[in-house]
Amino acid sequence: MADGPTGSTVPRRQLGRYLRDLRIQARLTVRAAANKLEWSEAKMWRIESGQTSLRSHDAEAMCKVYGASQELTEALMGLAKETKARGWWHSYGDVIPLGFDLFIGLEEAASQLWWYESELVPGLLQTEDYSRAIITADNPSEDVDEIERRVRLRIRRQALLSRATDPATLMAVLNEAVLRRPVGGKKVMADQLKHLVDVGELPNVTIKVVPFAAGLHRGMLSGPFIVLRFPPNGDGKETEPPTVYSDGYTGDLYLDKPDEVARYDEAFDNIWHTALNEQDSRDLLSTMAGSYEEQG
């Protein structure tokens, strides 16, 4: 039996999304799956919509009905245990196998992303060479094939900005340090900055830069973060509550309590209005790209 909702909704929503996708892949209706599991359709709906936490043995039973692999079953059983957590730090290496990235599911479902970065270009805006330089530095023991697989995954994520139906809206603010650190070398950095100028031409993408001259701003206190917002349903309410994501070195932080999200909303508003306007930011990106080309 599933328990009532407690703590963060993030793991519940993610678990529900994965189980729903597995059910659809197995070509089972909610009614058919409920019959096989001897549950009510209402219980199935609560699980798939993330309204309730789930015991690991129930997650295992669902995976068995849906024909999931053992690796995926174990991952979802681990995630089911996280649905009872009151504050949710998650280190991917603990229960989620490589490539089974919870953040990607949230990112793909989001309609709006408010992104502040202090040191590196956001993943959704990286070129292949820039991405490769970062992934290689972060995974020095991995072989070339694995590095390339991770690069391809990162680049594929960028499709959500240009997809034909409901592309996500991205509002990104970069600290000036991001522009001045030649990740991958001068040529890689020149191409990366030119790419930012090009992507910034998309109607759903706005890129701004906070110059050093702006002095103290909230981003210096908060560190990098992303606020994800989700599309409304039929009654105008968001299908899922807004979520703040912060990428840590050994673990990632998800926050979705209203007071927590409100603090990051305020921080982003301060950073956004401290930054150069869109045209001045574009001019600075172009100037820096030209400077790297001259040096290279």
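The legends below describe several close-up views of a predicted model.

Residues are numbered from 1 along each chain as its sequence is written, and side-chain values use heavy atoms, with hydrogens and water left out. Because the model is predicted, local features need pLDDT of at least 70 and side-chain atom pairs count only at pLDDT 80 or more, whereas totals for chains, interfaces and linings use all residues.

View 1. The secondary structure of the chain comes to 14 helices and 7 strands, where helices (H or I, at least four residues) and strands (E, at least two) are DSSP runs, numbered from the N terminus. Of the 296 residues in the chain, 47% are buried; here buried means under 20% relative accessible area, exposed means over 50%, and partly exposed lies in between (1.4 Å probe, protein chains only). The chain exposes about 14,700 Å², of which carbon and sulfur atoms supply 51%, and these accessible areas come from the Shrake-Rupley method with a 1.4 Å probe, with only the protein chains shown counting as cover for residues. Among the contacts in the chain with a separation of 6 or more, 72% are accounted for by residues 24 or more positions apart, a contact being heavy atoms within 4.5 Å.

View 2. In helix α2, which spans residues 30-37, Ala33, Ala34 and Leu37 are buried. These residues cover an arc of only 100 degrees around the axis, which puts them on the same side of α2; the arc is that of the directions from the helix axis to the C-beta atoms. On the other side of α2, Arg31, Asn35 and Lys36 are exposed. The cover over the buried residues of α2 includes α1 (10-25), α3 (41-48) and α4.

**View 3. The packing of α2 against α3.** Two packed helices are described by the angle between their axes and the distance between the axes. For α2 and α3 the angle is about 110 degrees, and the axes are 9 Å apart. That makes α2 roughly perpendicular to α3, since angles of 65 to 115 degrees count as roughly perpendicular, those under 35 as roughly parallel, those over 145 as roughly antiparallel and the rest as oblique. Axes are lines fitted to C-alpha atoms, for helices over the stretch in contact, and angles run from 0 to 180 degrees between N-to-C directions. The residues that meet are Val30, Arg31, Ala33, Ala34 and Leu37 in α2, and Glu41, Met44 and Glu48 in α3.

**View 4. Two loop residues with positive phi.** Most residues other than glycine have a negative phi. Arg27, although it is not a glycine, has a positive phi of about 60 degrees, and Arg27 is found in the loop between α1 and α2. With a relative accessible area of 78%, Arg27 is exposed.

**View 5. Tyr66 and its surroundings.** Tyr66 is found in helix α4 (residues 56-66), and with a relative accessible area of 7% Tyr66 is buried. Leaving aside residues up to four places away in sequence, Tyr66 touches Leu19, Leu22, Arg23, Ala26, Leu28, Ala33, Leu37, Met44 and Glu48. One of these, Arg23, is 43 residues from Tyr66 in sequence, yet the two are 5.8 Å apart in space, C-alpha to C-alpha.

**View 6. The packing of α4 against α5.** Helix α4 packs with helix α5 (residues 70-82) at an angle of about 150 degrees, their axes being 8 Å apart. That makes α4 roughly antiparallel to α5.

View 7. Gln192 has its place in helix α11 (residues 186-199) and is buried, with a relative accessible area of 0%. Not counting residues up to four places away in sequence, Gln192 touches Val121, Leu125, Gln126, Thr127 and Tyr130. Glu293 belongs to helix α14 (residues 278-295) and, at 44% relative accessibility, counts as partly exposed. With the same exclusion of residues up to four places away in sequence, Glu293 touches Ala190 and Lys194. Glu293 and Val188 are 105 residues apart in sequence and 9.5 Å apart in space, C-alpha to C-alpha.
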